[in-house]
Amino acid sequence: MSQFYLNIRKYKYLYLLMIPGILFYIVFCYIPMYGVIIAFQNYIPAKGILHSEWVGLAHFRNLFSSVLFLRVLENTVLISLYKLIWGFPIPILLALALNEVRHQAFKRIIQSVSYLPNFISWVIISGIVYVVFNEHFGAISWVASLLGADYVNISRDPDSFREFLVITSIWKTAGWSSIIYLAALTNIDPELYEAARIDGAGRMKLIYKISLPCIAPIIAIVLIFSVGSILTQDFEQIYILSGENPSLLAVSDTFESYVFREGIKSNNFSFPAAVGIFQSFFGMWLILAVNKLSKRLGYEGIW
């Protein structure tokens, strides 16, 4: 009997626990992949996939020849890079800072406060933004008027809107994203810290020499997945905060908002499917490249 079947017999209960997860991905991820064929058709729901007209690469040609393609590509990449550069390290720093807190009650309060924004919808956040940043009655404009300072509504200013998207995204997701790093930090052997303290290491050296190297494999894996999604953005955030304002769309129109406007609202379902294939193909090559780079640098990859 092969080693594979021996492992199944030995760990049969663990494999049984895997079945629901495997079935979930088969039913909701792999079987629907049949639907990507509509990217090569003029898909009409009434006719169905089997009877819709086949057009080959027409939708891809329309995408790449569109006058808006370069603008959408630039906005998507820039916003993703801003979020990656500024947003990726913050959950790590937050986890390292929380790991150093010794007062457990205070630590739990900080964790709860940092996790809370993740459960607030962008619709509610847009209401908060309107009340806080409005130039006529917003709290910040009121403070600026008291100080006699000029006020610019950064939530409606094209020159600062990308940065505003990054700031609100970090505020909403940083606490929740830090959970995986906190979990990794709790698995570090306390004896490593004790040995380092005996050798005279201070807190900063403990973080630099023990904490960071021990969670580096987790950081590498999360980074690989983050880079792979560089052509995807949070549609809800951009659509709600921009409100389809033409001046804001010029600096925030990403693939998600573009296909919603040009595809879904026009009942052209084949076009979003073509864009999705382009995003997935580009993301796959980014994941392969970053995974290879990670392994060359001595860190674990995702395979």
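Biologist: Which residues touch the most other members in the largest nonpolar core?
Modeller: I92 and I215, out of 19 residues in that core. A nonpolar core here is a set of buried Ala, Val, Leu, Ile, Met, Phe, Trp, Tyr and Cys residues joined through side-chain atoms within 4.5 Å, and buried means under 20% relative accessible area with a 1.4 Å probe, protein chains only. Keep in mind this is a predicted model, where local features need pLDDT of at least 70, side-chain atom pairs count only at pLDDT 80 or more, and totals for chains, interfaces and linings use all residues. Residues are numbered from 1 along each chain as its sequence is written, and side-chain values use heavy atoms, without hydrogens and water.
Biologist: Switching topic: at what angle do α12 and α16 pack?
Modeller: About 155 degrees, with the axes of α12 (residues 203-228) and α16 (residues 270-296) 8 Å apart. That makes α12 roughly antiparallel to α16, a label for angles over 145 degrees. Axes are lines fitted to C-alpha atoms over the stretch in contact, and angles run from 0 to 180 degrees between N-to-C directions.
Biologist: Which α12 residues meet α16?
Modeller: A220, I224, V227 and G228, and on the α16 side the partners include G283, L286 and I287.

Notes: Helices (H or I, at least four residues) and strands (E, at least two) are DSSP runs, numbered from the N terminus. Angles under 35 degrees count as roughly parallel, over 145 as roughly antiparallel, 65 to 115 as roughly perpendicular and the rest as oblique. Contact means heavy atoms within 4.5 Å. Buried means under 20% relative accessible area, exposed over 50%, partly exposed in between (1.4 Å probe, protein chains only).
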